[in-house]
Amino acid sequence: LRAWVAAIAVLALVALGRRVSLPISFLWVSAIVLTCDPLAPLQSGFWLSFVAVAVLLAYFAPRIPSRSVWRTAVVAQLVMGFAMVPALIATIGSVTWIGPLANLVAVPLVGTIAVPLDLLAALLL
């Protein structure tokens, strides 16, 4: 639900055609998600996903994108692997070494296949 609401909120901000900074966009999307699900902060997944998005925005927004998709994916996993350690310890209590490797496969699959198919299914309902 959070991914769907966030995707719709980002699309709405883009559709408005106004230039809005990434931090402001992030705050708007956060506010919209919290409006739809006010109890979301009680779940550790909420914090992990929002911290992950904030880390990726903070790292990649000021940089010129790499021409290599694979290099960008590996760099993103390295950044996430190190940056998420405090959040994982705070919410789950442990960190695994296999997580970044699993995410290297899972994140592109979920982002390019699962989420678009879920959005399509929601529209077709």
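## Aromatic pairs, fold and surface patch

F60 is partly exposed, at a relative accessible area of 27% (buried is under 20%, exposed over 50%, partly exposed in between; 1.4 Å probe, protein chains only). The model is predicted: local features need pLDDT of at least 70, side-chain atom pairs count only at pLDDT 80 or more, and totals for chains, interfaces and linings use all residues. Residues are numbered from 1 along each chain as its sequence is written, and side-chain values use heavy atoms, without hydrogens and water.

**Exercise 1.** State how many helices and strands the chain has, and compare its radius of gyration with the globule rule.

*Solution.* Step 1: the chain contains 6 helices and 0 strands (DSSP runs numbered from the N terminus; helices are H or I, at least four residues, and strands E, at least two). Step 2: the radius of gyration is 15 Å, close to the 14 Å that the globule rule gives for 125 residues, so the chain is as compact as a globular protein of that length (C-alpha atoms; the rule is 2.2 Å times the number of residues to the power 0.38). Step 3: along the principal axes, the C-alpha atoms fill a box of roughly 40 × 40 × 30 Å. Step 4: 15% of the 125 residues count as buried.

**Exercise 2.** Find the geometry of the pair F46 and W47, and then that of Y59 and F60.

*Solution.* Step 1: the whole structure holds 4 aromatic pairs (ring centres of Phe, Tyr and Trp, the last by its six-membered ring, within 6.5 Å; planes under 30 degrees apart are stacked, over 60 edge-to-face, the rest tilted). Step 2: F46 and W47 are edge-to-face, with 5.0 Å centre to centre and 85 degrees between the planes. Step 3: F46 is buried at 4% relative accessibility, whereas W47 is partly exposed at 43%. Step 4: Y59 and F60 also pair edge-to-face, at 4.9 Å and 85 degrees. Step 5: Y59 is partly exposed, with a relative accessible area of 27%. Step 6: F46 and W47 belong to one aromatic cluster with F26 and F50.

**Exercise 3.** Which helix supplies the largest share of the nonpolar patch?

*Solution.* Step 1: the patch on the surface includes V74, L78, F82, L104 and L124. Step 2: α4 (69-83) and α6 (99-124) each supply at least two of the patch residues. Step 3: L78 lies in α4. Step 4: the largest share, 7 residues, comes from α6.

Key
Patches are made of residues with over 30% relative accessible area and no salt bridge: like charges are joined within 9 Å, nonpolar side chains (Val, Leu, Ile, Met, Phe, Trp, Tyr) within 5 Å. Accessible areas come from the Shrake-Rupley method with a 1.4 Å probe; for residues, only the protein chains shown count as cover. A salt bridge is a side-chain nitrogen of Lys or Arg within 4 Å of a carboxyl oxygen of Asp or Glu.
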